Amino acid sequence: MLSSLCQISRVSTSLPGLLTLFITFHICKVESALFTVVGPDQPVTATVGEEIVLPCHLSPNMSAENMYVRWFRPGSTNDVHLYRDGRDQFGGQMPEYERRTEFWKDGVTDGNVSLRILNIGPSDEGLYICLVDDDITYKEAVIELKVAALGCNPVISVEDYQNGGIRVTCRSAEWYPEPQVLWRNAQGHHIASLSEIKSPKVNGLFETEISVVINGHSNQNLSCWIRNSLLDREKESAIHISALFFPSMNPWMVALSMILVVMLSFTMLNVYLFKIKGNLQRELGWKRAVICPGLGQTAPPLEKEDMTLDPDTAYHYLILSEDGKNVRWTDTPLDLPDNPERFDTERCVLGHEGFTSGRHWWEVEVGKGMYWAVGVVRESVRRKGGISFSPEEGVCAVLRYWGEYEALTAHRRTCLPLDRVPSRVGVYLDCTLGQVSFLDAVTGAPIFTCLPASFVGDRIRPCFWVQFGEINLRHHQ
């Protein structure tokens, strides 16, 4: 009735007609101002690989349960996410957002129409429109999303002798947006670079390479400084170049000295790695014939744990098999009790087994998981709300996201340049040392070893994180 009134195009010029026009106009005006759609005043910043909530709500607070709520990008005819008739509609969703969006249904009766986007990538950056329609009028808000990634620690290497000096190169990857990179001396002054390359990879993240030629003793101590201006954070690595590299002699002698130093360092490194590999094999007693044939013949055998998953801890988007050996992601949340043991935010499930002493190992099949993490946590790890995956939180793990592999280390993530994609990951736990090691269970190649952590006095549980895939604990020969 009201909408038909608002569509009246002709009325009598008589006094009753004018009154009708006046009343109708004000009814339409009041009705169209019943609510507004409100978004944030400032851009929202998200980190690559994480999730973000784009806030949007009705003012004043009212139920949007039966309204038409559409999230979309300017210039696109398809949806980022559509909510209509009390449920999600995915028929017109943009392919790049498939299985990556969640409408904020918990607060929809209070006017909360926010949108969660999972696994943020550089292509998600830009403007989003939150449109709400109640069949009488519609309102919208524009939200700007900025995307950032804090890359790996810079790696500095001495390359060669060039132009009467020593050429030093700094490399780093996984940055977004394009970072600021420069060389600095011990006094913090900028050193002009010889060359600088910043190039985006297939996933849109930037890798950098910057070189400098050092000609004198005054710049023996220098550092490579990389800054993400959006996050207002930087990473820096330093190097000291010995006076050996700056003798007043023929350049060929300098080059020869460099070659000798590199060869000696390479030899010492090989001896050290060979010793570590042998010690690890003897200490773990783990697949001796695979990791290092012929070594550790006297090491006692170490039995593999028969690991199962604890359903009381599983996030409500994870489905566990009846035997507790498999967990997979589902797009529809399960109706599970919110008991104290259950993770309510992180996509995690713990192993039934817990350890306080001894040495233990198990294998996890991760080949079918697009996004996964495998490791251990302290029994006391937080289950409610977000977790900072780090040793400080009682977490030691390796993970895969966006096709990249990383180790969860203190205050940052360490990139893992693996030669091959592991289909099965072996986890070794030494409770006495507080040490956790990860290996490729197929080839026996080491992946990463966490530094000794303070697990003493707390029970240690296996932990598994999975999204858009599955992981498997069933026994493999």
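**View 1. Cys-431, a buried cysteine.** Start with Cys-431, which counts as buried at 8% relative accessibility; buried means under 20% relative accessible area, exposed over 50% and partly exposed in between, with a 1.4 Å probe and protein chains only. Keep in mind that this is a predicted model, where local features need pLDDT of at least 70, side-chain atom pairs count only at pLDDT 80 or more, and totals for chains, interfaces and linings use all residues. Residues are numbered from 1 along each chain as its sequence is written, and side-chain values use heavy atoms, with hydrogens and water left out.

**View 2. The disulfide between Cys-56 and Cys-130.** A disulfide here is a pair of cysteine sulfur atoms within 2.5 Å, and that rule gives a count of 2 disulfides. In this one, S to S is 2.3 Å. It links distant parts of the chain, 74 residues apart: Cys-56 sits in the loop between β3 (52-54) and β4 (57-59), and Cys-130 in strand β10 (residues 126-133). Helices (H or I, at least four residues) and strands (E, at least two) are DSSP runs, numbered from the N terminus. The torsion about the S-S bond is about -90 degrees, so the disulfide is left-handed.

**View 3. The disulfide between Cys-170 and Cys-224.** Here the sulfur atoms lie 2.0 Å apart, and with -80 degrees about the S-S bond the link is left-handed. Cys-170 is in strand β13 (residues 165-175) and Cys-224 in strand β18 (residues 221-228), so the pair ties together parts 54 residues apart in sequence.

**View 4. Cys-348 and its closest cysteine sulfur, in Cys-463.** The two sulfurs are 4.2 Å apart, too far for a bond. Cys-348 is buried, at 0% relative accessible area.
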